[in-house]
Each structure stands twice: as C-alpha cells, then as structure tokens.
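Here are my notes on the charged and aromatic side-chain contacts, in the order I'd go through them with the structure open. Have a look and see what you make of them.

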Amino acid sequence: MKNLTVKKFNDFYDEGKLTSERLVEFYLERISKINLNAILEINPDALFIARALDRERRNGKKRSNLHGIPVIIKGNIDTNDKMQTTAGAKALEGNFASSDAFIVKKLREAGCVIIGKANLTEFANFVSFKMPNGYSRLGGQTRNPYGDFDTGGSSSGSAVAIAADLALLSIGTETSGSILSPSSMNSCVGLKPTVGTVSRTGIIPISFTQDTAGPITRTVEDAFELFKVIFGYDHKDPATYLIKNFSFDSKIEIIHDLYGMKFGYTDQIFEWMNKELVDIFLENLKRIEKLGGKVKKVKFKNLNKINNIEVLYYEFKLGINNYLKDKNLKVKTLSDIIKYNFENRDAIPYGQNILLYSDATDIKDGRYIEYLLNDRKYAKGEIDRLFNENDLDALLFPANYGAHITAKAQYPSIVVPAGFTEKGPFGLTFSARAFEENKLFSIALLFEKSFSERKLPDID
C-alpha cells in the first residue's frame, strides 16, 4: 500500500484488494510509528467514516475519484468535528470550529476521509522572524523525512505527511511560498492556485488579497484530482465570484512535447541562492529545452519595490480579528493573542515580533494602499508585461524563489520534483497567469513523466 496514487487506490478497490477502512488503518499505523511531528491531531472518527464510505461504494454510490481516500489538512483549516483548529498556537488551544471550512465541506461531499490535521509553521509563519520552518508551539518541530534538512514552510506538515506516506493526499495553504516551499523541500508536487479559485472561508487568514489553499501530493495527476474537488464558488468569499460560472476541465490535456512553447526566467533572484541551487536550476532549464521549449531570460523592473511583506502586516490584523470575533475563545483580537503570549512566555519561544508589527498597523493608513498598488503594478503588471512582450506560456523559478512575485499577482504556480542537492530535495516551479491551472498541469505532467526525480525517503 506504500506510495499509492488516486488511480492505484481506485484500481485496487475495484479489484477487491483494498478498502478505505484498511487504508486508513495503514496510515494511522504509520503516523504512530514515524515520528516526524508532521501531525497535530488525528481524527478519532476516521475509521468509522471510512467504513461508512466503503459501504456506500459497495452499494454502487461512488461520489468521486476521491471516494474513500484519506486526506490530511493543514492545522489552520476549520473542521466541525473532534479536532481543533489552532494553527499550532497555544493561544488558540481549544478552538473547536462550529462549522466546516468551505473546502472541507467539498472534501467530505467528494467522499474524502479527513484523517488528521498537519503541523505547520505557527500561524502560517506569521509570528516571528526567528521561528524556524515547521515549528509550532503545539506541534513541535516538524522534521524532513529525507534527512537533516529544512522542511520548508509554512505548510510543513502537509508536505512531510505526503513525503513520508502518512496520507495519500494533503491540503496546504499559501500566502507567499507556503505551499511551494515545503513541497519543493520534501520532493512533492504542490499547486498554489489562482487566488479566488479556492474558497478561504473557515481558514485562519493572513491576507485577504493573497491567501489560498491548494493540494500537496506525490504526483501531478493526484494534485489535479484534489484541485478539481476544492475548486469552486463560495458566496461567502468574494474572491471566488469570478469563477461562479467558470468550468474546470475533467481531465489533464496530455501533451507530448513543449515545441512552440516559450518560457521565461530571471537571474535577478540568483543573488538569494547558493551556487548549487543556481546550477541545478540551470540544468533544469536545459531539460525544458530538451522537451522542445524555448527558454529566454527576462527582467523584472523595480523588483526591489515588492521585496517586502508590508501588505500582510495590515491585512493579518483585520483578518485574524474577524476570524476570532465569534469563536468560543478568550482571545478575540490580535491584541488579545499578544497579551496572552506575554503572560504565557512558553507560548512564544522565538518571540512574536511579526505579531507586534501587525498589531501596530491601521488599514486606513494611506501607506497600505501605496504598498497594495505597488504589488499590483510591479508584480501583476510586470508578469503581464513579460508574458505579452515575450509571448510566454509560463515563467520558471527555482523552488519557491520568486514565489512572492506570483503571490502578489495572485497568479498560479505548480512545483514538481526536479532533483536533489546537499540541502535536500529541489523542485522546479512553473508559473502562469490567472486561471491557467489547466495549462500548468499539462506542462508539469509532461515534465514529471519525462524526468522522474522523486525518490522515496529512507524512513521505514
């Protein structure tokens, strides 16, 4: 049962070789034995749910291709069950949601078995600049199954769980690199969707202009299957209004080469990388050319004007206050969380300077609009210019370097395993413009099948 895919599970099920209940048992056993601090909580009802879904399927009702498949979701996503939603923070301990997040409802409707919640960099890496990737006060330090490497963040547990085969599928969230980073560092496929294709209702927020949830899986096809399920309009999330009448393809369009396709990359980000990372990225550009793609170096203007997270400081304060206002918790605002942390110093071993910066902001401040417009002008505007002037099909980035650019533009990216370095696994990221996920899946699937780089970690 190791290293299953959605297709393999369905084939085994149809052949009478596997059930959802048996697979949930398998994953729960692995979670109990493989201690990587990837999981915050286990769903105590998972086996009952799997058993019921098996019965449904035996009676001829198959809800979707994900019927009966175990899924891990990030610990900042609401579930109306026996699991808490804490984002790993001690201040939110005891937060039992009164309703499912919108995407959780869609997962359940599709027949998924949510078997647990993944550890994460606390508050999706929005507590302290000193906090390491994969650490939360409630979950401890998540560890990379490939060795003594960075886990990436903030969806660290979601990626580690998939790499270590603790679930078949997982959900992460991203504001700026939080799906792409851990997916790359754990040799996973990660999709950061267009903002507005996946509802954020019921997810502890950072930024209402950049947040999204997305799949982290072992294969491109599995990411596609999971994205199909969570994609959709939600009347409570205005960002999704644009897709109210938008249809999504039922299958990935299969392409056999990249002839006629153009890809851009920039060396402006190389100064943030070591030589080994630059070299492996350049080697992967040659792979794109071997598949027939034309690769061209491009240049962003005024990149320094978006190398910041100023917008996030302003939006987190408003977002977290709105999330907490109707929760059955003593903390009702960001100020309350900060006060709680100061009164319980063990809650913040790495400090809380990011929370303090955010709490000092006022979204009515004119500087917020200035930062927001700069993001649109120098991220979205520049990406659009580069695509139009060079007739590009996609931009190429090494791992999550450049993730902040596409995140500020609200544009989609997909990362695919593309090798290993002395610092751990490495992923190649393909980025496109809004609602071009279908194209990204086609390109990523071809790359994955042409250069199979994912290896199983030696943890058993």
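1. Start with Asp81 and Arg108: they make a salt bridge, with 3.2 Å between the closest N and O atoms. Asp81 sits in the loop between strand S2 (70-74) and helix H4 (102-109), while Arg108 belongs to helix H4, so the bridge ties together parts that are 27 residues apart in sequence. Arg108 is partly exposed, at a relative accessible area of 23%. Bear in mind that this is a predicted model.

2. Next, look at Asp391 and Lys262, another salt bridge, where the closest N and O atoms are 3.8 Å apart. Asp391 is in the loop between helix H13 (366-390) and strand S11 (394-398), and Lys262 is in strand S9 (residues 262-265), so here the parts tied together are 129 residues apart in sequence. Lys262 comes out as partly exposed, with 29% relative accessibility.

3. Lys439 pairs with Glu436 in a salt bridge too, at 3.3 Å between the closest N and O atoms. Lys439 is partly exposed at 22% relative accessibility, and Glu436 is also partly exposed at 22%. If you're wondering about the total, the whole structure has 31 salt bridges.

4. On to the rings: how many aromatic pairs does a search of the whole structure find? The count is 23. One of them is Phe246 with Phe435, a tilted pair with centres 5.4 Å apart and 40 degrees between the planes. Phe246 lies in the loop between helix H8 (220-230) and S9, and Phe435 in the loop between strand S13 (424-431) and helix H15 (437-450), so this pair ties together parts that are 189 residues apart in sequence. Phe246 is partly exposed at 34% relative accessible area, as is Phe435 at 27%.

5. Last, two places where a charge meets a ring. Arg57 lies over the face of Tyr13, 4.2 Å from the ring centre. Lys327 has its charged end over the ring of Tyr323, at 4.0 Å from the centre.

Key: Residues numbered from 1 in each chain as written. Predicted model: local features only at pLDDT ≥ 70, side-chain atom pairs only at ≥ 80, totals over all residues. Heavy atoms only, no water. Salt bridge = Lys/Arg side-chain N within 4 Å of Asp/Glu carboxyl O. Helix = DSSP H or I, 4+ residues; strand = E, 2+ residues; numbered from the N terminus. Buried < 20%, exposed > 50% of the residue type's maximum accessible area, 1.4 Å probe, protein only. Phe/Tyr/Trp six-rings, centres within 6.5 Å; stacked < 30°, edge-to-face > 60°. Lys NZ or Arg CZ within 6 Å of the ring centre and 35° of its normal.
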